[in-house]
Amino acid sequence: MREIISLQIGQSGNSIGCKFWESISAEHGLEHTGTYTGQNDLQLEHIDVYFNELRSRKYIPRAVSVDLDPGTRDYVLQNSIGRMFRPDNVVAGQSGGGNNWARGHYTDGAELAHPIIDIVRREAEKSESLEGFQLTHCPGAATGGGLASLLLSRLREEYPSSMMSTFTVTPAPKSDTVVEPYNFILSSMCLIENCDACFLIDNEALYDLAYRKFKLHTPSFSDLNPVISQVMAGITAFFRFPSHSSLNSDLRRLSGNMVPFPRLHFLETGSAPLIAGAVERSVIALPELSASIFDRKSSVSIYKTTEPEEQYLSLSILLRGNVPFDEAQTQIHQARLASPHHRLSDLIPEETQVSQCPIAPNKLNMSAALLGNTTAIRGTFKHFNDCFNAMYRRKVFLHWYTDEGMDEMEFAEAESNVSDLIAEYQEMLDDTTYEAEEE
């Protein structure tokens, strides 16, 4: 079995992480005590990917919870599924990071890095065949940005052959935290250099989705986190359950299929149907599902509708449910051709990849998740890079970071690295456009 160690970092990372574990525990037939009460043998076949089995025949998450704020420890352990977590796998500081990336990376966070790595090392030693790591975080904060970047670089050094993946929730553009552009760009440099697959989730897209689909004018984190957990559960289902193909059956295969160029590993995510609240059971037909997954409203990564010339370097649909695979492929192919926003790049002559897992999510007869490596993702980085430059030119709040021992040159290096990434995505788009004009 190819195990994955999950790290949920910061307040946002832990609140999302707890919801994720609640979702996949239910899918695997586990009670909040870790006791298996399911009735399907497939629920246990690959459960070791994310869970450790105890001698008492109970299952606990292979998870490490981290935050500089001491209050998060109580949140995790007193959560509805808090009894499933190992208390000694929850690490908290003495005070919050004050949204200062440098504090999470160089001072307060650096003091926690060693005991955290010790816990990770212990979990890795218990694994039969460790595949990699999954970090859940928001890079706009001190812990989710600075400490998460530090841990990611340390893990890359200690486990160079293991896969590094993240579920990264980008800050909302209208956030009240003025230094978030600094934190995001500094974190992005680490994600570019040390990550193999970064699943992006955009806060603005989530708020827009909550307003349009769920009619919530002022959604709370308790409204948005279940949506994120649906996306995470849909993507990871193919690691957790047997599937009809080996296309995306583990993290390494998924990364190999979705990332044609090593630095361009930032992936759009989407899910359909998206549900909220206490829904008893929802039934959806395959044609409706196929059309919904290519609706831009199903994406939780790209808020603004992209221009028609944007291209996909790779595109994969992860289908869950017991439906005829050939019929599903046909319906998805037709729906993709009808979508004005999902044009495949001529540089990558592949059709949409379709994988199927027979285990549907709870409360649904079938669902689909979308993964896309698209040139449109550069818009997220360009937005924060522009905000970063507007502040950095005037040295606004820079002393908050240098006072923590950070070198000012790191700001210039991070900005340059992200600018290069934007240019690389633009180059892929320009090359495709040029070839189309030549023809």
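Reply: Asn 99 is a place to begin; this residue sits in the loop between strand 5 (90-92) and helix 4 (101-106). Helices (H or I, at least four residues) and strands (E, at least two) are DSSP runs, numbered from the N terminus. This is a predicted model, in which local features need pLDDT of at least 70 and side-chain atom pairs count only at pLDDT 80 or more, while totals for chains, interfaces and linings use all residues. Residues are numbered from 1 along each chain as its sequence is written, and side-chain values use heavy atoms, with hydrogens and water left out.

Me: What is the phi of Asn 99, and why is Asn 99 called partly exposed?

Reply: Its phi is positive, about 55°, although Asn 99 is not a glycine. Buried means under 20% relative accessible area, exposed means over 50%, and partly exposed is in between (1.4 Å probe, protein chains only). Asn 99 has 34%, so it is partly exposed.

Me: What makes Lys 395 buried, exposed or partly exposed?

Reply: Its relative accessible area is 41%, so Lys 395 is partly exposed. Lys 395 lies in the loop between helix 13 (378-392) and helix 14 (398-402), and has a positive phi of about 55° without being a glycine.

Me: Why are helix 5 and helix 6 called oblique to each other?

Reply: Helix 5 (residues 108-126) and helix 6 (residues 142-158) pack at an angle of about 45°, with their axes 10 Å apart. Axes are lines fitted to C-alpha atoms, for helices over the stretch in contact, and angles run from 0 to 180 degrees between N-to-C directions. Angles under 35 degrees count as roughly parallel, over 145 as roughly antiparallel, 65 to 115 as roughly perpendicular and the rest as oblique. The angle of about 45° is therefore oblique.

Me: Which residues of helix 5 meet helix 6?

Reply: Among them are Ala 113, Ile 117 and Arg 121 of helix 5, and in helix 6 the partners include Leu 147, Arg 154 and Glu 158. Contact means heavy atoms within 4.5 Å.

Me: What makes a set of residues a nonpolar core, and how many residues has the largest nonpolar core here?

Reply: A nonpolar core is a set of buried Ala, Val, Leu, Ile, Met, Phe, Trp, Tyr and Cys residues joined through side-chain atoms within 4.5 Å. The largest has 62 residues, and Leu 7, Phe 133 and Phe 266 have the most contacts inside it. Helix 7 (residues 180-194) gives the largest share of this core, eight residues.
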